[in-house]
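Open the model in your viewer and keep the selection tool ready. The tour below goes stop by stop.

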Amino acid sequence: MREPTVVGTESNGGSVGSIAQSPPPQALLERLKDYGQEDAFALWDELSPDERDHLVKDIESLDLPRVDRIIRCSLRSQGLPVAAIEPVPERSVSTVEERTMDERERWWKMGLKAISDGKLAVLLLSGGQGTRLGSSDPKGCVNIGLPSGKSLFQLQAERILCVQQLAAQVTSEGGGSGSALIHWYIMTSPFTDDATRKYFESHKYFGLESDQVTFFQQGTIPCVSKDGRFIMETPYKVAKAPDGNGGVYSALKSSKLLEDMATRGIKYIDCYGVDNALVRVADPTFLGYFIDKGVSAGAKVVRKAYPQEKVGVFVRRGKGGPLTVVEYSELDPSLASAINQETGRLRFCWSNVCLHMFTLDFLNQVANGLEKDSVYHLAEKKIPSIHGQTVGFKLEQFIFDAFPYAPSTALFEVLREEEFAPVKNANGSNFDTPDSARLLVLRLHTRWVIAAGGFLTHSVPLYATGVEVSPLCSYAGENLEAICRGRTFHAPCEIGF
């Protein structure tokens, strides 16, 4: 334990001044006592003046009534009974095999029209670092090894550029002029915010206008012991962690970005996670489907590959209740394996892959509802503290916590080989690596090129290589005939203009 720091002595035999004699600010200490958190000042007597100042500012930065409400509500909700789950009704899902070509074309055009009218914004969840990938950079900076060397951020930015161009074409064909830009809201975290902003600036926003990109940070929340007390990371700092990707709702509200969206005339928000190399950002077909169904919330889903796959699935909570997501660890193995005898599919087969669509009105409702209810998920973790690694709770909200608030939800099945290439683990792992994502991109784009009349040569087996089509050329395989028909490409390569 550290000795208290002595400030000094008076040479004329006066009193000895010691920091230990200076108590914590009384008003702040009383506030902490009101919430049972006065232990945050337990080591006050051992701190230097700078450390005391740091601790006071750290505590003052916390919204103590809100934090206390979240801790109490979250701990109290543990172990409470929840309504039984039922499979998602068939009418709530548009499956790939039931979707007609006419529907696809109609939804595509509806979506492009809404985009050209400026009604769509894109919301990117990008708070995570590439730690599991062996990098401290924001995960969106990751280069998965494509022939172009493009990062996840660049691939997504160029898909936005492509959709804008497609929407502009629809507008001009209809006799109009110009087309609205798609505004891109990017949620960072305290750990990725500065690096993300600098990355976009250094790459000139990948061709987007700088004022069509808005960065904002998700919040953090104190880590707590099992009895709800703050864990101290150092004697003068409360341990905190990001509040989960579901923190996007409170962050949008506190940053006044929901008001910003309304001012811009935005009605629909396409929301997704950064770590998907095949994400169809601002997908016109999905948007058109969403508008056509007139629902508040929507999600793209992929069919569960096998009963034990570690993915959350959409369920109905209670008889006639709302759709929500249940994590794989919460799904009883007998339910996970149950078969729907009519369809031959798993009864609980619709996997959540963090590809969502919301109305702006619904986002406002969710931001208010989640704040009022204040129930967070408790993740038991070993948390660095003044006592070493302390077992405690990180409090998180998840993006799918919104769905129970939705009066209506529609699911839209997509093929994972076309729209889901997760980048979560370092190369050498068994799944969801940059290498596996790269191959999924190359294989899909190879199919596009062949369908457009192109040919491939390759010096390694085709299953291990392929071609990359620049998003600036084609969003989903369209408009490639003029570039590819009758031409031969040597894999691996990037096909651009």
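**Stop 1: two loops**

Select Tyr205, which sits in the loop between helix H6 (193-202) and strand E7 (213-217). Helices (H or I, at least four residues) and strands (E, at least two) are DSSP runs, numbered from the N terminus. This is a predicted model, in which local features need pLDDT of at least 70, side-chain atom pairs count only at pLDDT 80 or more, and totals for chains, interfaces and linings use all residues. Residues are numbered from 1 along each chain as its sequence is written, and side-chain values use heavy atoms, with hydrogens and water left out.

Tyr205 is not a glycine, yet has a positive phi of about 60 degrees. Is Tyr205 buried or exposed? With 15% relative accessibility, Tyr205 counts as buried. Buried means under 20% relative accessible area, exposed over 50%, and partly exposed in between (1.4 Å probe, protein chains only).

Next select Lys256, in the loop between helix H7 (248-254) and helix H8 (257-263). Lys256 has a positive phi too, near 60 degrees, and is a residue other than glycine. Lys256 is exposed, at a relative accessible area of 52%.

**Stop 2: a cis peptide bond**

Go to Ala491 and Pro492, which are joined by a cis peptide bond with omega of about 0 degrees. Pro492 belongs to the loop between strand E22 (488-491) and strand E23 (493-495).

**Stop 3: two packed helices**

Show helix H4 (residues 101-116) with helix H5 (residues 152-173): they pack at an angle of about 95 degrees, their axes 8 Å apart. H4 is therefore roughly perpendicular to H5, a term for angles of 65 to 115 degrees. Axes are lines fitted to C-alpha atoms, for helices over the stretch in contact, and angles run from 0 to 180 degrees between N-to-C directions.

Which residues of H4 make the contact? They are Trp108, Leu112, Ile115 and Ser116, while H5 contributes Val163, Leu166, Ala167, Val170 and Thr171. Contact means heavy atoms within 4.5 Å. The contact residues divide into 7 nonpolar, 2 polar and no charged. Ala, Val, Leu, Ile, Met, Phe, Trp, Tyr, Cys and Pro count as nonpolar, Asp, Glu, Lys and Arg as charged, and the others, Gly among them, as polar.

Notes:
Angles under 35 degrees count as roughly parallel, over 145 as roughly antiparallel, 65 to 115 as roughly perpendicular and the rest as oblique.
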